[in-house]
Amino acid sequence: MTSAGAGLGMDPYDVLVPADRLLTDSRPHTVAIARCGACGVYDCGGTDVTITRDGDLVRWEWSREVPTDRGACFSATQYELEVARVAADHSWETPMRTAGRLVLTSIDHARLLTYGLSAKRAVSRDPDLFEVWLEIEDDYQIFVATPWRGRSPTELAREVCAILARPPHEWPATWYSVKGWVTTPPNIAGLSWEREQL
């Protein structure tokens with residue numbers, strides 16, 4: 001269905017991590033399910049699905065670049081079992097992806113929000129350095145890097161989560177202002193924070 005829509009499925013992080021966006025709840029919600037097949041960018045072209053629980057059924061209604069002129073309908077029990085199976089299957093993950101999932105599902109997102117921070121990605125910048133990318137609204141991007149040092153994804157994720165549990169001014173971080181004219185670091189920056197050169 002994604003190839004019939006915008007062309008390319010979403011990255012699993014955009015659908016499953018840190019929360020499974022395919023789950024149903026009491027209200028309909030819309031999820032990006034496909035992105036442009038030519039460039040891979042959702043904003044260039046995308047397919048959304050609005051997921052609604054209707055008694056014993058789950059309904060999907062397409063929007064934007066639709067793959068078909070009708071929605072899809074599933075047994076709620078079968079749907080929930082399949083969504084749980086997909087979310088529990090990590091066989092596709094590389095070690096970097098495993099570490100990223102463990103970090104994004106383990107960090108205290110509510111605590112980060114008290115500093116105005118939201119975690120966006122957890123990836124390897126290069127083979128030796130793992131990086132968490134956070135944002136302060138639409139103003140700043142914050143990067144917290146941790147060396148792999150031959151550790152397993154679980155060991156690395158544990159250290160990254162311990163770092164992020166400390167106050168931000170204690171993090172080994174760099175910052176970048178989304179607003180190019182801003183040359184001062186965010187208020188939460190520590191003395192060791194450096195400006196990122198992107």
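Trainee: What makes Arg-64 count as lying over the face of Tyr-42?

Mentor: This is a predicted model, and Arg-64 is 4.4 Å from the ring centre of Tyr-42. The cut-off is within 6 Å of the centre, together with an angle within 35 degrees of the ring normal. Arg-97 is another case: its charged end sits over the ring of Tyr-13, 4.7 Å from the centre.

Trainee: Arg-97 also has a salt bridge with Asp-11; how do you know that?

Mentor: The closest N and O atoms of Arg-97 and Asp-11 are 2.6 Å apart, and a salt bridge needs them within 4 Å, so the label applies. This pair links distant parts of the chain, with Arg-97 in helix α3 and Asp-11 in the loop between β1 and α1, 86 residues apart. Arg-97 and Asp-11 are both buried.

Trainee: How many salt bridges does the structure hold?

Mentor: There are 9. Among them is the one between Arg-101 and Glu-93, at 2.5 Å from N to O; Arg-101 and Glu-93 are buried. One of the others joins Lys-179 and Asp-139, at 2.8 Å. Lys-179 lies in the loop between β9 and β10 and Asp-139 in the loop between β7 and β8, so this bridge ties together parts that are 40 residues apart in sequence.

Trainee: Why is Lys-179 called partly exposed?

Mentor: Its relative accessibility is 32%. Buried means under 20% and exposed means over 50%, so Lys-179 falls in between. Asp-139, with 23%, is partly exposed as well.

Trainee: And is Glu-131 buried or exposed?

Mentor: Glu-131 has a relative accessible area of 9%, which is under 20%, so we call it buried. Glu-131 lies in strand β7. Leaving aside neighbours within four places in sequence, its contacts include Arg-121, Val-123, Phe-143 and Ala-145.

Trainee: Let's turn to rings. Why is the pair of Trp-60 and Tyr-79 called edge-to-face?

Mentor: Their centres are 6.3 Å apart, within the 6.5 Å limit, so they pair. Their planes are 80° apart, which is over 60, so the pair is edge-to-face. Trp-60 is in strand β4 and Tyr-79 in helix α2, 19 residues apart. Both Trp-60 and Tyr-79 are buried.

Trainee: Which residues do ring pairs link into a cluster?

Mentor: Trp-60, Trp-62, Phe-74 and Tyr-79. The structure holds 8 aromatic pairs.

Trainee: What makes Cys-39 partly exposed and Cys-161 buried?

Mentor: Cys-39 has 45% relative accessibility, which lies between 20% and 50%, so it is partly exposed. Cys-161 has 18%, which is under 20%, so Cys-161 counts as buried.

Technical notes: Residues are numbered from 1 along each chain as its sequence is written. This is a predicted model: local features need pLDDT of at least 70, side-chain atom pairs count only at pLDDT 80 or more; totals for chains, interfaces and linings use all residues. Side-chain values use heavy atoms; hydrogens and water are left out. Rings of Phe, Tyr and Trp (its six-membered ring) pair if their centres lie within 6.5 Å; planes under 30 degrees apart count as stacked, over 60 as edge-to-face and the rest as tilted. Helices (H or I, at least four residues) and strands (E, at least two) are DSSP runs, numbered from the N terminus. Buried means under 20% relative accessible area, exposed over 50%, partly exposed in between (1.4 Å probe, protein chains only). Contact means heavy atoms within 4.5 Å. A salt bridge is a side-chain nitrogen of Lys or Arg within 4 Å of a carboxyl oxygen of Asp or Glu.
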